[in-house]
Amino acid sequence: MPNPHRYRPEELEALRARYRLERDRRIRPDGAGQYRRAAGEYGYYAKDPYTPFTERQPKTDRVEVAVIGGGFGGLLTGARLRQAGLDGIRMIDEAGDFGGTWYWNRYPGIHCDIDATVYMPLLEEVGYVPQWRYAPGEEIRQHCVAIANRFSLYDDTMFHTRVTDLTWDETAGEWLVSTDRGDRFRARYVVASSGTLTSPKLPGIPGIEQFRGHTFHTSRWDYGYTGGDQNGDLHRLAGKRVGVVGTGATGIQVIPHLAASAEQLYVFQRTPSSVDVRGNRRTDPAWAATLQPGWQQERMDNFLTIVTGGHADADLIDDGWTSTARLQRQMLTGTVDQSLSAGDREYLDEIADFRKMDEIRARVDEVVTDPAVAALLKPWYRYMCKRPGFSDLYLQTFNRPNVTLVDTADFGGITRMTATGVVVGDIEYEVDCVVFATGFEVGVSGVVSGTLPVHGRGGLPLLHHWARGPRTLHGFYSHGFPNLFHLGSLQNAASVNFVHVLQEQAGHIAAVVAEAGKRGARWIEPTAEAEQAWAAVIRETAPDNYRFQAACTPGYYNNEGRPREVNNSFGPGPVVFHDLLRRWRDEGGMDEVLR
Ligand code: NDP
């Protein structure tokens with residue numbers, strides 16, 4: 001195979017060896033077991049700092065649709081159901097308001113790293129044009145509130161409420177919904193959209209409970225302690241020594257603001273992020289004035305096509321995601337270039353990956369003045385092993401005299417904490433405050449994880465039905481569990497712009513529910529044969545990225561270095577999947593599931 005970027009064979013081998021070495025020194029025998037849940041004795045880290053808890057009477061009434069989750073999945077489903085003419089929609093969330101991840105994450109510097117015109121859904125329906133190319137978190141949260149208002153989703157909400165059980169009542173043909181607030185109400189339909197990265201996690205650092213200073217997790221930011229707001233100006237940190245643990249997508253947004261206000265900042269890093277150019281800018285009002293109806297869908301479709309490897313005549317977004325589509329294919333589903341053999345494709349992808357990562361590493365040298373610090377900030381892994389980062393502030397922060405980068409890779413992370421500080425190896429760093437930017441547990445909420453038990457026909461638990469792997473039609477519904485819908489990435493296709501995928505899922509569910517209403521169908525439920533047929537499609541098409549993931553530096557993408565062997569995604573990707581759903585609806589697919 002020609003080598004278009006002229007790496008000599010020994011250079012390629014040296015890069016591969018370096019990547020292996022860097023992965024190996026980070027692999028921990030305890031894998032995902034190294035983390036602690038923010039519950040029980042660590043429950044403080046998960047408390048809602050934003051909305052006061054209010055008592056209310058439990059409900060025992062009946063609704064048409066219960067939507068579990070007030071993030072984008074739930075909001076989009078609520079909106080599409082309303083557009084389909086549905087009444088009696090009850091939205092339920094553990095948070096104190098709508099927004100999902102944008103409700104919880106309000107840390108200084110928070111932005112979405114996907115172009116706002118394709119990420120923020122229903123812009124035309126709500127009549128809004130984002131103010132920035134990459135929107136600040138508060139703008140996105142306010143947009144969630146605007147969607148809820150626009151589609152009257154506040155009419156019947158249960159916030160600060162966790163659904164604890166769903167049981168199908170065969171006689172009434174309804175779900176009995178129980179919650180941790182004592183509710184036991186009935187719903188004809190239930191939509192489960194409880195998200196993926198929902199529960200903050202903490203590193204299981206010995207002595208963490210002995211620390212006498214202040215601590216919190218980035219997804220529960222304590223502005224009472226730091227002062228300031230999401231734009232920064234954390235003035236109460238003046239004179240304080242602060243430690244921050246974690247340099248993932250969150251860490252790189254937070255760290256410049258901590259550095260600007262703290263007297264001294266220690267950044268405890270285990271694996272450096274790749275940090276590419278951001279180039280955020282305000283939306284040009286003259287451009288916004290030219291937008292014609294349908295503009296957002298056109299941009300969303302264009303972005304999705306390009307990032308999943310498809311062809312588009314023009315790249316309307318043209319950013320760090322659209323230019324790295326080929327590299328994303330290693331982790332996500334999408335179109336594959338069939339003109340190349342698998343071996344050639346793999347080789348060319350690897351070369352393209354080395355080139356991109358060389359560029360990212362060169363940027364570190366350009367920006368960071370101390371070569372020893374620059375060396376520590378360079379990522380040595382394939383581009384999609386970790387969530388790629390973008391910032392024009394982060395690397396620059398390490399040129400400040402009040403910032404110290406403490407690399408913990410040789411110790412598997414922080415060694416321990418004491419009453420007064422953080423220990424790495426045998427060096428103690430005394431701090432007044434520790435901020436954990438240590439991420440989230442993956443897929444622990446909702447029906448898929450079993451934290452929300454579901455009993456279908458004959459009392460069958462959903463996870464028994466799924467004992468040998470998930471069984472659904474198109475990822476949405478299962479035989480024996482009528483009128484229950486799942487949103488998420490199970491047995492369907494994902495993309496970096498997951499909100500687009502959720503929007504298609506919401507539209508599909510609303511179309512099926514509306515058709516059930518039109519036909520007077522009592523149940524929406526696939527046959528066991530339809531489930532089997534879909535499982536076969538998934539088996540045949542699911543991308544085999546086990547080898548890629550196993551070679552990656554550990555993180556939540558690869559289950560801390562132990563990737564799961566079974567991939568439950570639809571290989572051809574979301575563009576093909578969405579088309580498949582449209583054809584299924586148009587060509588009589590509903591007959592399969594409506595009874
Ligand atoms: P991550 O899981 O990506 O990062 C956690 C960080 O904590 C890592 O740097 C990790 O190091 C570090 N860490 C964990 N344990 C220890 C330890 N014992 N000692 C030292 N360091 C430790 O969480 P994030 O909150 O950064 O991001 C989670 C996800 O949220 C992202 O992947 C993305 O999907 C989403 N997000 C999206 C944004 C957007 O703009 N769209 C912005 C922010 C987040 P190591 O890597 O070595 O494990």
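Trainee: How many Å separate the centres of domain 1 and domain 2?

Mentor: Domain bounds come from an automatic or database domain assignment. In this predicted model, the centres, taken over C-alpha atoms, are separated by 34 Å. The assignment gives domain 1 as 9–37 + 201–278 + 342–436 and domain 2 as 62–98 + 153–199 + 442–592. The contact (heavy atoms within 4.5 Å) takes 20 residues from domain 1 and 15 residues from domain 2. Residues are numbered from 1 along each chain as its sequence is written, and side-chain values use heavy atoms, with hydrogens and water left out. Local features need pLDDT of at least 70, side-chain atom pairs count only at pLDDT 80 or more, and totals for chains, interfaces and linings use all residues.

Trainee: What area do domain 1 and domain 2 bury between them?

Mentor: Interface size is often given as the accessible area lost when the parts come together. Here the two domains bury about 1600 Å² (1.4 Å probe, summed over both parts), with 53% of it on carbon and sulfur atoms.

Trainee: Which residues form a salt bridge?

Mentor: A salt bridge is a side-chain nitrogen of Lys or Arg within 4 Å of a carboxyl oxygen of Asp or Glu. Glu 346 forms one with Arg 547, and their closest N and O atoms are 2.8 Å apart. The count between domain 1 and domain 2 is one salt bridge.

Trainee: What classes of residue does domain 1 have on the side that touches domain 2?

Mentor: Asp, Glu, Lys and Arg count as charged; Ala, Val, Leu, Ile, Met, Phe, Trp, Tyr, Cys and Pro as nonpolar; the others, Gly among them, as polar. That side has 10 charged, seven nonpolar and three polar residues.
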